[in-house]
Amino acid sequence: MAELIGAPFGALLRRMIREHEREGKVFDLPARKFWHGAADLDTSVLFHGRRASSPVGPAAGPQDQMAQNIVLSWLAGSRILELKTVQINDRLVLPRPCIDATTVGYNVEWSQELRLADSLREYVAGSMLLDVLKAENLLGLPSDRLKQDTILDMSVGYDLAGIRSPQVRAWIDSMKDARTEVEALRDQIPDDLRRWRDLDFTTRVSDQITLSTFHGCPAGEIEGIVRFLLTEMDVHVTVKLNPTLLGQETVDGLLHDVLGYDEVRTRAEDFDKDLQWDQALEITDRLSEVARSRGRTFQVKFSNTLVVRNHRSFFPAAEQVMYLSGGPLHVITMALVDRYRRARPEVPISFSAGVDAQNYADCVALGFTPVTTCTDLLRPGGYGRLPRYDALLGERMRALGAPRIGDFVVRAFGRGEEAVRAEVSGGPARDALLGALATGGDLLQAAAGGDPGLYDRVVRRAAVLNTPLGAARAAADPRHRAEKNRSAPRKIGSHLVLFDCINCDKCIPVCPNDANFVYETAPLSVSYEHFRVREGAVARIPGGQFVARKAHQIANFQDFCNECGNCDVFCPEDGGPYIEKPRLFGSLESWTALRERDGFFVRRGDGGDAVWARIRGSEYRLEVDRARDRGFFTDGVITIEVSHRERRPLGAQAREGAPDGHTLDFSAYLNMALVGDGVLDLRRANPVNATTP
Ligand code: SF4
Ligand code: SF4
């Protein structure tokens, strides 16, 4: 099975800086998609008492398991990043493909696929890369300092025994104090980037956790885990709750009667064995109290994905259930939040369910912190879709005359006056607030004349008052209905091959790990001959015509690709870019380990390049002496000397004892030459040439 492998820290750092300097992008995200934040608006929020410059970020999922994901997410505007869930069982074998974003969004993936130690390394590396970005001031605005406050939120799962295990405890401790890991990565900064070696990197990477539990986890176990995290691990905690809390009848009513997803079927057992409503209220009451007594904070997150029957053919048939996200989950979760807030209006809520640019501002108006997204970022544009979230929020804030998030919450649904009257019974502060509301004045300033905390109380009250309106608006939004979400991305009927395609480049941003990339090559159309052993000598025999028409080519970096299948969904051609396009490995070790896959390993050395290739299961090696323009291409039996620039064979010889009739396919050399030269070309940054100074 393909495994994710993080890139060397030096290669990540070099690529990030070089790609930005030379091409105006970072990990394939163009600078025009970087989030700058509006200078006239303060979109900052408090999460567990710490400030983040924006409430938005990726939900624990495919967008935050590798270092480059963290960078991409941050550049596009994320300021609260829920890192992908880690657990004691870090040797999972997940079904592939595992993400189906063709319509509303389903998945069968769940936790981090990296080992615990590798997750730690990726998260610390990501945090260090953010430190470099901030020091480098890539955003280039005078207001930068205000827009850079970032929170990394750990996510752990899934049961008490695993979370209490020495390995997971040590992992959490290492995130709270990452000095050892930071120093190890600092030592990997190569000479050409030495100016970054002295940076004062963040060592307290995170001190807060979102807990994810198995479906069916008993209430007592959930409570036990949160107690353990609050008291023994001394972290702030968010507990993620399931949409099953709403009850099967209500969920089915929303899915079928309101939204029209008749084909989506829930199972009674998933509702029966999950946390029940009364239990949820009881444990959140007790845990809020435990947190208060420990000087920590506690909140809930709505929601997990919804477990439903696997009625589609996308995932392996052995998967009986799959997990629904996207628009329908948004409506269900809004209804759940509405119900929960009526019962426990004081508990802070983190929200993640079908969030996109269109509904993000409403989520912010309901006072959720953070507001995280996942499925939407799997669609064309990927992380580059995030800046629009903030742009639309900014438009709404300006239209309401709200300079900051709190003012926006109070004004967004027209419930501000009610909120003020509920929180302050009379006096000058109330008059000032009502006056400011009526005249478009600054609410924070108006509240300053009241008692401390008045502004925050009015904002919280307004958020609660907004909730039923927000839930009703979500349910009435035709975008979330089944008929609007039936059509899959269009396919054009052609099948991908190693070189050339329609070059739409959709496969690049839709990959959460930036595993697909563009490389340039000189187009080539040439007749070639094969080479065959005959009585100890090598003879030429008829071959074929090799054609690579386009300069712009696509490749896949295997070490970053977990074969989730998302790029296949959005590629207009059939076959899947991650399957059909050249698969580049990050090391000879990983190329050797995955013998069941074709692919290339390319290495640039002093004066020479080396390419290892597996093509239709046969292995080849190419050594290129660039100064002499000579290449030596072999399958271990026949070796051909070539003029590498001309892609022309000069001579061939067979090893001693070569079997008669053995044939070497010269097109393999042409494949290796185009791929090798293309990916090593420094004019286009990619994960392969990032290792070249
Ligand atoms: S591989 Fe598919 S998605 Fe990628 S550029 Fe080619 S046609 Fe577009
Ligand atoms: S390259 Fe495609 S299959 Fe691989 S991780 Fe990226 S989106 Fe998933």
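**Domain contact and salt bridges in the predicted model**

Between them, domain 1 and domain 3 bury about 900 Å², and 60% of this area lies on carbon and sulfur atoms. The model in which this contact occurs is a predicted one, and its protein chain is divided into domain 1, covering residues 38-400, domain 2, covering 401-487, and domain 3, covering 516-691. The contact draws 14 residues from domain 1 and nine residues from domain 3. Taken over C-alpha atoms, the centres of domain 1 and domain 3 are separated by 41 Å.

The interface of domain 1 and domain 3 was also examined for pairings between residues. Zero salt bridges are found across this interface, whereas three residue pairs, both members at pLDDT 80 or more, are found in polar contact across it. On the side of domain 1 that touches domain 3, eight residues are nonpolar, three are polar and three are charged.

In the structure as a whole, 57 salt bridges are present. One network of salt bridges links Arg15, Glu19, Glu23, Lys25, Asp28, Asp514, Glu520 and Arg684. Within this group, the side chains of glutamate 19 and lysine 25 meet in a salt bridge with an N to O distance of 2.9 Å. Glutamate 19 counts as buried because its relative accessibility is 0%, and lysine 25, with a relative accessible area of 11%, is likewise buried.

A further salt bridge joins the side chains of glutamate 23 and arginine 684, with N and O 3.7 Å apart. This pair links distant parts of the chain, since glutamate 23 belongs to helix H1 (residues 9-23) and arginine 684 to the segment after helix H23 (666-680), the two residues being 661 residues apart. Glutamate 23 is partly exposed, its relative accessible area being 23%, and arginine 684 is also partly exposed, at 24%.

Arginine 267 and glutamate 269 form another salt bridge, in which the closest N and O atoms are 3.6 Å apart.

Glutamine 553 lies in strand S20, which spans residues 552-557, and is classed as buried because its relative accessibility is 1%. Although glutamine 553 and glutamate 520 are 33 residues apart in sequence, their C-alpha atoms are 5.9 Å apart in space. Glutamate 520 is itself a member of the salt-bridge network described above. When neighbours within four places in sequence are left aside, glutamine 553 is in contact with Phe499, Asp500, Phe517, Val518, Tyr519, Thr521 and Ala548.

Serine 590 is placed in helix H22, which covers residues 588-593, and counts as buried, with a relative accessibility of 9%. Its side chain makes a polar contact, at 3.3 Å, with the side chain of aspartate 559.

Technical notes. Residues numbered from 1 in each chain as written. Chains lettered and ligands numbered in written order. Predicted model: local features only at pLDDT ≥ 70, side-chain atom pairs only at ≥ 80, totals over all residues. Heavy atoms only, no water. Domains from an automatic or database assignment. Contact = heavy atoms within 4.5 Å. Buried area = accessible area lost by both parts, 1.4 Å probe. Salt bridge = Lys/Arg side-chain N within 4 Å of Asp/Glu carboxyl O. Polar contact = N/O pair within 3.5 Å; in protein donor to acceptor, adjacent residues only side chain to side chain. Nonpolar A, V, L, I, M, F, W, Y, C, P; charged D, E, K, R; others polar. Buried < 20%, exposed > 50% of the residue type's maximum accessible area, 1.4 Å probe, protein only. Helix = DSSP H or I, 4+ residues; strand = E, 2+ residues; numbered from the N terminus.
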